[in-house]
Amino acid sequence: MPVASSEPPRSTLLGALVRWFDADHIPEGAEALRNTPKRVDWPRSVPFIVMHLACLGVIWVGVSPIAVWTAVGLYFVRMFAITGFLHRYFSHKTFATSRAFQFVMAVWAATAVQRGALWWAYTHRHHHAHSDEDEDKHSPVVDGFWWSHIGWITSKKNFPTDYARVPDLAKYPELVFLNRFDILIPLLAGAATYGAGAWLGAHGHDTDGPQLLVWGIVSTVVLFHGTACINSLAHVFGTQRFLTTGDASRNSFLLTLITLGEGWHNNHHRYQATTKQGFYWWEFDPTYYALKALSWTGLIWGLKGVPASVYEEAERTKAAVASPRA
């Protein structure tokens, strides 16, 4: 497990530059970063800003059906990795798998460019422990839309991974490596996308390396904002089936469509240990369907269901709401 370095603090800019490549390079100590105010760390935000600006590259590289469909495909393939792997496996362990496929899931999820699986899991577990409280890293109820959507991820305060909070994952050195050097897989994925475009163009198809890379970046940016909508909107818009969650989590079909099933957020906050987010057959949950299909291959197993007591609570709440007031 990585330990904070004892070397003296370096300049803010230099530290941020090194942390672009080594996320565990925190000479000042992780606790010092966690105690900083809620504000944007601009040096650390440079790659994030550049990624958004790179989307303007479509002006120069143009558009083709191959590029657009590649972007769409990358969005859904990686959204599944976020919802199915980062969320339902690494954060909540709602199913089981082998160590080898666990590594595959971590690599797959890393292509989404949303940092490492251990940071993601630690951050999400922290959210559930403090949902819509002052300590919540991205509560729209506490800090408003923009901070919960994008501001929080640019802050030094939320940068370090607390490995002590994810001991079930931190015991695997391969996962710690991917988490520490979280830029490695995105760089390799970018190179592969460029190479695929160059190969297709060289074989007579209507695309090339730069075009496919830029559209891959567009897909990544849209993917980030699709994921972020759960933080910024799923505690604001929608309905509440369960009123005992102690927070403002809500269910939204629209957010479900954007995130492949994560929109049933109030369901999830009521019972986090199930692989399902849609508790009823009419609650569309494509991530669950894909995980169920994946379980048929033997790569994952032990998908957890919803306890009868949770359904009974939902029925009691429904009846209480429907009954006339005295």
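I started with Thr83, which lies in helix α5 (helices are DSSP runs of H or I, at least four residues, numbered from the N terminus). I am working on a predicted model, where local features need pLDDT of at least 70, side-chain atom pairs count only at pLDDT 80 or more, and totals for chains, interfaces and linings use all residues. Residues are numbered from 1 along each chain as its sequence is written, and side-chain values use heavy atoms, with hydrogens and water left out.

**Thr83**

Buried or exposed? Thr83 counts as buried because its relative accessibility is 2% (buried is under 20% relative accessible area, with a 1.4 Å probe and protein chains only). I listed what Thr83 touches, not counting residues up to four places away in sequence: Arg88, Thr259, Glu262 and Thr287 (contact means heavy atoms within 4.5 Å). The Thr83 side chain also reaches the backbone oxygen of Phe80, at 3.3 Å.

**His127**

Next I went to His127 in helix α7. At 3% relative accessibility, His127 is buried. Which side chain does the side chain of His127 make a polar contact with? I found that of His269, at 3.3 Å (a polar contact is a pair of N or O atoms within 3.5 Å; within protein, one must be able to donate a hydrogen and the other to accept it, and residues adjacent in sequence count only if both atoms are side-chain atoms). Leaving out residues up to four places away in sequence, His127 touches Asp136, His138, His235, His265 and His269.

**Helix α11**

I then looked at α11, residues 173-180, where Glu174, Leu175, Val176, Leu178 and Asn179 are buried. Those residues pack against α5, α6, α7, α10 and α12. For α6 with α11, I noted an angle of about 5° and axes 10 Å apart (axes are lines fitted to C-alpha atoms, for helices over the stretch in contact, and angles run from 0 to 180 degrees between N-to-C directions). The two helices are therefore roughly parallel (angles under 35 degrees). Arg99, Gln102, Phe103, Ala106 and Val107 of α6 meet Pro173, Glu174, Leu175 and Leu178 of α11.

**Cysteines**

I found zero disulfides (a disulfide is a pair of cysteine sulfur atoms within 2.5 Å). Cys55 is buried at 17% relative accessible area, and Cys229 is buried at 14%.

Conventions: Buried means under 20% relative accessible area, exposed over 50%, partly exposed in between (1.4 Å probe, protein chains only). Angles under 35 degrees count as roughly parallel, over 145 as roughly antiparallel, 65 to 115 as roughly perpendicular and the rest as oblique.
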